[in-house]
Amino acid sequence: MEGDIGEMEQNLVKQENGLSQLMKEKQRLEEDFKRAKGADASLKKALKDKEHEILLRETDICMMKKRIKQRKDKILMLQCEKSKLEKASIDTKLENLKLEENIKVMKTNLNSVDDRLKKNEDVTSQTEDILAKLKEREAELKADIEKMKNKSN
């Protein structure tokens with residue numbers, strides 16, 4: 001697309017150069033017409049034809065400039081859209097990286113909680129074992145106390 005603009009600008013320069021040449025020819029015809037004091041009808045017709053040709057060339061140049069501007073505007077718009085899409089893509093990738101990091105942190109936290117739960121289960125199991133032994137010892141002591149009471153009676 002940018003290559004097309006380069007070609008169009010080259011054609012525009014050619015058209016402008018051609019217009020410059022037509023203007024010189026018109027000027028020459030006007031001088032000839034003035035020298036002939038307007039008496040030469042063929043010079044008058046040639047002058048009008050040249051003016052018409054100049055008008056057409058100017059119109060072509062204006063249209064070419066308009067087309068070039070439209071192309072450049074379209075390229076700018078497309079570049080802007082591309083830039084927006086690239087930014088959105090980068091934002092999405094950054095968000096995904098943040099999510100992945102959050103997932104890693106959550107997994108670490110989950111593993112930490114899981115380890116603490118296992119330790120708590122071990123401590124609970126040990127505490128239950130100790131309580132069971134204490135109850136057995138209590139029962140033994142109560143039995144010994146009963147025996148001693150019975151012997152003393």
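Residues are numbered from 1 along each chain as its sequence is written, and side-chain values use heavy atoms, with hydrogens and water left out. In this predicted model, local features need pLDDT of at least 70 and side-chain atom pairs count only at pLDDT 80 or more, whereas totals for chains, interfaces and linings use all residues.

Side chains of opposite charge can pair when their charged atoms come close. The structure holds 15 salt bridges, a salt bridge being a side-chain nitrogen of Lys or Arg within 4 Å of a carboxyl oxygen of Asp or Glu. One of these joins Glu-9 to Lys-72, with the closest N and O atoms 2.8 Å apart. The pair links distant parts of the chain, since Glu-9 belongs to helix α1 (residues 2-35) and Lys-72 to helix α2, 63 residues apart. Helices here are DSSP runs (H or I, at least four residues), numbered from the N terminus. Glu-9 is partly exposed at 31% relative accessibility, and Lys-72 is also partly exposed, with a relative accessible area of 39%. In these terms, buried means under 20% relative accessible area, exposed means over 50%, and partly exposed lies in between (1.4 Å probe, protein chains only).

A salt bridge is likewise formed between the side chains of Glu-25 and Lys-50, at 2.5 Å from N to O. Glu-25 lies in helix α1 and Lys-50 in helix α2, so this pair ties together parts that are 25 residues apart in sequence. Glu-25 is partly exposed, with a relative accessible area of 23%, whereas Lys-50 counts as buried at 13% relative accessibility.

Within helix α2, Lys-118 and Asp-114 are separated by about one helical turn because they are four residues apart. These two residues form a salt bridge whose closest N and O atoms are 3.7 Å apart. Asp-114 is partly exposed at 35% relative accessibility, and Lys-118 is partly exposed with a relative accessible area of 47%. Elsewhere, salt bridges that share partners join Glu-25, Lys-50 and Glu-53 into one network.

Ile-90, Leu-94 and Leu-97 make a nonpolar surface patch of about 290 Å². Patches are made of residues with over 30% relative accessible area and no salt bridge, like charges being joined within 9 Å and nonpolar side chains (Val, Leu, Ile, Met, Phe, Trp, Tyr) within 5 Å. Accessible areas come from the Shrake-Rupley method with a 1.4 Å probe, and for residues only the protein chains shown count as cover. Leu-94 is found in helix α2 (residues 41-152) and is partly exposed, with a relative accessible area of 44%.

Terms used
Helix = DSSP H or I, 4+ residues; strand = E, 2+ residues; numbered from the N terminus.
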